[in-house]
Amino acid sequence: ARATYAAARPKSAELHEAARRVMPGGNTRTVLFWSPFPISMVRGEGARLWDADGHAYTDLLGEYTAGLFGHSERRILDAARAAMDTGINLAGAGANEIRFAELVCARFPSIERVRFTNSGTEANIMALSAARAFTGRAEIMVAKGGYHGGVMTFATGQSPVNLPVPTRFLAYNDVEGTVAAIREAGDKLAAVLVEPMLGSGGCIPATREFLAALRDACTETGAVLIFDEVMTSRHSEGGLQQRHGVIPDMTTLGKYIAGGMNVGAFGGRAAIMDVFDAHRPGALPHAGTFNNNVWSMAAGCVALGELFRGEVVEALFQRGEKLRAELNALCAEAGVAMQFTGAGSMMTAHFRTGAIKAPYAATPEEEQRRELFFLDMLEAGFYLARRGMVALSLPLAPTDLSGFTAAFREFLNLRGPVLG
Ligand code: PMP
């Protein structure tokens, strides 16, 4: 399958060789690397992508959830362009920044005050900093196999928020163990940072019971509960927290919220976020040249204010639920060791049976099957994440999804003996 893949993409191969001369491994985003070389994309429109060798794909990756609106949503492009027509960043506060902040605060139950960043990574770093400053405590707790950004190791520096952070780990969905761990950390623990569904960790949802237990244990010990909803905030207008009815103290956001433009946001209870209130002496600094860049602020107003609301949000969620059920029914019908976990418009293929409640180390066989699935879907014209993740976008047509299930059925039939 690899040889077929490589033979059909000489241009991507050539570009990768050029890339390797100037970038280690030939890329600048680890998730976009695979062997022998990743695809060079040249154009996107709606939910369609074209590569450098002229192949067209249905985009089921949706830029790891940031591409919710597709590649050419007219109103987002118009808003971003109109903002840039008034000048590329003006080193000042702006009306769109206020409007975007109002939309975020109105939408997410846990967010009374918000600040913007360039990325989800920064949003998480700043949320943890806020929690440490607010509680006066040092330690943080995160889930084994969770993902919160590319730079979650903190450089030693002069500011107390930059000191290396003593970190404890919890086992995802382990209610008793986690509650005990939080209690044991007691008043040393500043924050618990978790995704309400593991995204990069394999689209593994938390149970409501687990999230509620986190909520109670944090209330009991005074640790700040932070939900990383960088990926999952698409699951209802108020995020996955609203679907579960479990409201954290702080929430971090990113990906699609600015229509696909670069962005991150973190917010929470006013009392916590006030550690950044520069009207107060000793406030924590939070700087960043592009934090309020004009294109992201303008696009964000359209994305949250006009495009992704109400029924549109719920319809996307239900579309994903239906697709996942269909794919799982096909796996069952074929009798293969394969399943899709997830919630709503996000799902990941796993090559084993039985309930998956926490991340695990895949066996070499599972890795092989995952690669085969990925390469076969590419050959069938469907672009998904190398790790088997699908993130639906709004412009996908019903025929795109039925085409995918048809291609998947074919994959199961053809590969039955290999997968069985
Ligand atoms: N948190 C989660 C849950 C994520 O999935 C990601 C990105 N994949 C991040 C944080 C980091 O966001 P960014 O890539 O914008 O820094």
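Guide: Start with a sheet of four strands, in a predicted model. The sheet is open, and its order runs β1-β2-β3-β15. Its pairing is mixed. Look at the β15 end. There, strand β3 (residues 56-59) runs parallel to β15, and two bridges join the pair. Asp 59 faces Tyr 383 of β15.

Gly 44 sits in strand β1. Burial would take 20 or more, and exposure 12 or fewer. What does Gly 44 touch beyond its neighbours within four places in sequence? Its contacts there are Leu 49, Asp 59 and His 71. Asp 59 is the residue that stands opposite Tyr 383. Along the chain, Gly 44 and Asp 59 are 15 residues apart. Their C-alpha atoms are separated by 8.8 Å.

Step back to the domains. The domain assignment gives two: domain 1 (2-68 + 312-419) and domain 2 (74-307). Between their C-alpha centres lie 28 Å. The contact draws 21 residues from domain 1 and 21 residues from domain 2. Which elements build the domain 1 side? α11 (310-334), β13 (339-343) and β14 (346-350) each bring at least two residues. The largest share, four residues, belongs to β14. By class, this side of domain 1 holds 11 nonpolar, eight polar and two charged residues.

Take α10 (residues 294-307). With 14 residues at 1.5 Å each, this helix should span 20 Å; its end C-alpha atoms are 19 Å apart, so the two agree. Why call α10 largely enclosed? Because 11 of its 14 residues are buried. Among them are Trp 295, Met 297, Cys 301 and Leu 304. The cover over the buried residues of α10 includes α3 (74-85) and α4 (95-107).

Helix α7 (residues 208-221) also has 14 residues. At 1.5 Å a residue it should span 20 Å, and its end C-alpha atoms are 20 Å apart, which agrees. Its buried residues include Phe 210, Leu 211, Leu 214 and Arg 215. What lies over them? The cover includes α6 (175-185), β7 (189-194), β10 (224-228) and α8 (239-244). Gly 222 follows α7, and its phi is positive, near 85°.

Finish at the ligand. How many residues surround it? The number is 17. The closest are Ser 119, Gly 120, Thr 121, Gly 149 and Val 230. Helix α5 (residues 120-135) gives the most to this shell, with three residues. What kinds of residue make up the shell? Four are nonpolar, 11 are polar and two are charged.

Technical notes:
Residues numbered from 1 in each chain as written. Predicted model: local features only at pLDDT ≥ 70, side-chain atom pairs only at ≥ 80, totals over all residues. Domains from an automatic or database assignment. Contact = placed C-beta atoms within 7 Å. Nonpolar A, V, L, I, M, F, W, Y, C, P; charged D, E, K, R; others polar. Near = placed C-beta within 6 Å. Pairing = 2+ DSSP bridges. Expected span 1.5 Å × (residues − 1). Buried ≥ 20, exposed ≤ 12 C-beta atoms within 10 Å, placed from the backbone.
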